[in-house]
Amino acid sequence: MAGWLLILVLFAPLAALSQERPADDGVRAGVGLRRDTRLERLDLHELRNRLLHEVDWKLTLGVAEVHAENGDRLTATPFQVRARFNQGRTAFKLSGDGYDRLRSRGETAAGFADVNAMLTQVVAEDAVLEGGLTLPAGGEVGSSHARERVGAIYHHAFSTRWEGQVHGRLTRYDGELKPGVARVRRLALVQAAYNLDAPRSDIVLQLLRTQRAGSTSASSVAAAYEFPLAQRRRPPMASLSFTRGITSGAHDNAVEADLSFRW
C-alpha cells in the first residue's frame, strides 16, 4: 500500500498535462531523468535476483538529436558512469549531455554541458532515494550556477512480462533568477516496461511532466527498445528511443541511441 501511495504522490504533477505555457526547451527539459529512469530499472531488476558483493561498474555512452518545434536543433553526446557497492544497494553516478551543439535562430553554440553527480540508495525492495549536485560547465552551452537535486523512485513487477516505475525529482537552482521564475523545478515520470520473448529485450514507454513556474513547463511521451548485444552474464546493452513533446507550442522530437558496458 505504501508503494502505491508513493505512486499517487509522484504522479500528481502529471495531471495538468498540456495546460501550462509552451516550454522554451521542450523535450530537452527532463531528458536526463528519462535516461536515469531507464538505466535504474535494469539495476533494480538485477538486484532482485542477486546481491552484488563487489564494486559493479557500468559506462553508458550515447548520441541524441533534438528537433524543436521553434526550429532549434540540438546534438548531444550523453553519458553516465555508475559504480555500485554495498551489495549493490548504493550507487554513485556521474552523468551529463557531454559535448553539445545547439543551432538556434541562425546561430550555433557548442561546448561541454553540465555534469551531474548523484548518489542513490535502495531503501526498500523496490524503492530508491537519490540526491546530488549539478556542476556548472559554463561556456556557450553550460550553466553558470550549481543546482541541487533530490528524488525518489518506486519500481514494481506486475508479472514476468510487465513492470511499472515512477520517478519524481526536485531540482533547486542557485544564483540570481529572473523576476517571477521559481527556484525549484518539479519533474515526474511514469514508466511501463514489457519484456519480449528474447532474454532482457524490452519495450519501455514513458510519460514525463516537467514544471517550473515562470519558466519551462512541458509534457512528453517516449518509447524505447532495449536489447543485449550478446548472450552472456554481463552483455553490452543497447537502447533506441524516440521522444515527442505533447505540450501545445512544444511538439518537439528527439531520437537517442546509447550503449552500456559492464565490468
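Predicted model: local features only at pLDDT ≥ 70, side-chain atom pairs only at ≥ 80, totals over all residues.
**Entry 1: confidence**

I started with the pLDDT values. The protein averages 85, and 87% of its residues reach 70 or more. I then turned to residues 1-27, where the pLDDT is below 50. That stretch still has 59 contacts in the model beyond near neighbours in sequence.

**Entry 2: positive phi**

Next I looked up backbone angles, keeping in mind that most residues other than glycine have a negative phi. I noted Q87, which is not a glycine and yet has a positive phi of about 60°. Where does Q87 sit? I found Q87 in the loop between β3 (79-85) and β4 (90-96). Its relative accessibility is 35%, so I wrote Q87 down as partly exposed.

R105 went on my list too, with a positive phi near 55°. This residue belongs to the loop between β5 (99-104) and β6 (107-112). Is R105 buried or exposed? R105 counts as exposed because its relative accessibility is 72%, and the cut-off for that label is over 50%.

**Entry 3: salt bridges**

Then I went for the charged pairs, since side chains of opposite charge can pair when their charged atoms come close. How many salt bridges are there? My count came to 21 salt bridges.

I picked out E226 and R41, whose side chains meet with N to O at 2.5 Å. This pair links distant parts of the chain: E226 is in strand β13 (residues 218-228) and R41 in helix α2 (residues 31-49), 185 residues apart. I checked burial as well, and both E226 and R41 are buried.

Because R82 lies in strand β3 and D43 in helix α2, the pair ties together parts that are 39 residues apart in sequence. D43 is buried at 7% relative accessibility, and R82 is buried with a relative accessible area of 0%.

I also looked at R172 and D174, a salt bridge with its closest N and O atoms 2.7 Å apart. R172 is partly exposed at 38% relative accessibility. D174 has 21% and is therefore partly exposed, given that buried means under 20%.

Last, I followed the shared partners.

Technical notes:
Residues numbered from 1 in each chain as written. Heavy atoms only, no water. pLDDT = per-residue confidence, 0-100. Contact = heavy atoms within 4.5 Å. Helix = DSSP H or I, 4+ residues; strand = E, 2+ residues; numbered from the N terminus. Buried < 20%, exposed > 50% of the residue type's maximum accessible area, 1.4 Å probe, protein only. Salt bridge = Lys/Arg side-chain N within 4 Å of Asp/Glu carboxyl O.
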